[in-house]
Every structure is written in C-alpha cells, then in structure tokens.
Amino acid sequence: YIFEGFKPVNAADAEVLKKFKRVVLDDDGDRDNPYTYGQWLRQRTIYNVKKADATIIFLHQLLNKLSSHSGSRLTWKMCDVLKKPFAIAYPDNWDTAVTQIEGLIRVHQPKILNIAGQRTMDRKVVKQLLKDAWKELVK
C-alpha cells in the first residue's frame with residue numbers, strides 16, 4: 001500500500017507506484033481505493049490542502065490558467081475554495097520567496113504546513129528556503 005503524501009520524483013518512481021494499491025484517507029477514516037495514478041494524485045492534493053492549516057506552493061515559473069502544472073493549479077484552487085491560506089514561492093526570486101514563506105507562517109502560525117509544488121523542484125532548494133524563512137521568523 002502507498003499512502004497519500006508519497007511524492008514520485010521521476011518516471012521510474014511513478015512506474016513503481018502502479019504495483020501498489022492506494023489508501024486514501026478521507027473524513028470517514030481509511031478507504032482502500034484502486035484509483036488510477038492521476039485520480040490518486042488529485043485525491044492526495046485535495047486531502048493535503050483540507051488537512052493543512054496553510055500551504056506553500058513551490059514553482060519554477062508563474063502559475064496561470066494556461067500553465068501545464070495542473071497539480072499546482074489544483075492546489076491553488078483548493079486553497080481558494082476552502083479558504084485556506086497559501087503562498088506561492090518562486091526560488092528564482094529567493095528574497096521574495098523567503099519573505100512570502102515567512103509572512104505566511106508569521107500571520108497564520110500553521111500547525112500543519114502543506115508543502116506542495118512541481119515534482120521537479122529541487123528538495124535541497126525547498127529545504128534551504130524554509131530554513132532561511134525560519135531564520136527570519138526567529139529574529
């Protein structure tokens with residue numbers, strides 16, 4: 001079984017996922033569903049936004065209705081629909097990204113923070129942005 005939150009990093013990881021049944025948690029408890037991979041990603045995205053107090057979406061480029069990263073668009077839409085606070089961080093603009101993250105955390109003080117974005121985002125970059133934002137919070 002694979003639980004929501006598992007992030008495939010590349011096509012090989014995505015292929016491995018096909019061998020497993022997916023377990024999706026909903027408000028009624030555990031439910032074992034044989035979702036297609038795309039349906040599972042959608043369900044996981046919705047679940048993560050619902051359960052989090054706030055979300056940070058990490059992107060390489062501007063997010064708009066024409067962009068190809070539908071998962072990030074869905075995250076953005078669900079934050080809006082569910083009235084959940086969120087920030088969009090573009091690592092290419094480091095100082096602004098740190099300020100966005102720091103502001104979201106300072107204002108909303110989330111206990112559960114959903115980290116979302118494109119699968120191609122470098123984990124080390126995301127980690128360093130979060131560290132830099134934390135440094136700003138504790139000043």
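## Lysine 51 and the basis of the model

Lysine 51 counts as partly exposed, at 36% relative accessibility. The classes are set by relative accessible area: buried is under 20%, exposed is over 50%, and partly exposed lies in between (1.4 Å probe, protein chains only). Lysine 51 sits in helix H2, residues 37–51. Helices (H or I, at least four residues) and strands (E, at least two) are DSSP runs, numbered from the N terminus. The C-alpha atoms of lysine 51 and isoleucine 112 are separated by 7.6 Å. Along the chain, these two residues are 61 residues apart.

The model is predicted: local features need pLDDT of at least 70, side-chain atom pairs count only at pLDDT 80 or more, and totals for chains, interfaces and linings use all residues. Residues are numbered from 1 along each chain as its sequence is written, and side-chain values use heavy atoms, with hydrogens and water left out.

## The three-stranded sheet

Three strands form an open sheet in the order S5-S4-S6, and their pairing is parallel. Strand S5 (86–89) and strand S6 (113–117) are the edge strands, each pairing on one side only. On average, neighbouring strands of this sheet are turned by 20° against each other, direction ignored. Two strands pair if DSSP finds at least two bridges between them.

Strand S4 spans residues 54–58 and runs parallel to S6, with five bridges joining the two. Isoleucine 56 has isoleucine 115 in S6 as its bridge partner.

## Helices across the sheet

Helix H3 covers residues 70–81 and lies across S4, S5 and S6. The angle between H3 and S4 is about 155°. Helix H5 covers residues 123–137 and lies across S4 and S6. H5 runs at about 130° to S4. Axes are lines fitted to C-alpha atoms, for helices over the stretch in contact, and angles run from 0 to 180 degrees between N-to-C directions.

## Asparagine 114 in strand S6

Asparagine 114 belongs to strand S6. Is asparagine 114 buried or exposed? At 10% relative accessibility, asparagine 114 counts as buried.

Leaving out residues up to four places away in sequence, asparagine 114 touches Asn48, Val49, Ala52, Ala54, Thr55, Ile56 and Thr75. Contact means heavy atoms within 4.5 Å.

## Salt bridges

Side chains of opposite charge can pair when their charged atoms come close. How many salt bridges does a search of the whole structure find? The search finds three. The criterion is a side-chain nitrogen of Lys or Arg within 4 Å of a carboxyl oxygen of Asp or Glu. Glutamate 102 and arginine 106 meet at 2.4 Å, N to O. Both lie in helix H4 (residues 94–108), four residues apart, about one turn of the helix. Glutamate 102 is buried at 14% relative accessibility, whereas arginine 106 is partly exposed at 41%.

Lysine 135 pairs with aspartate 132, their closest N and O atoms being 3.9 Å apart. Both residues lie in helix H5, three residues apart, about one turn of the helix. Aspartate 132 is buried, at 18% relative accessible area. Glutamate 136 forms a salt bridge with lysine 139, with 3.1 Å between the closest N and O atoms. Glutamate 136 is partly exposed at 32%, while lysine 139 is exposed at 77%.
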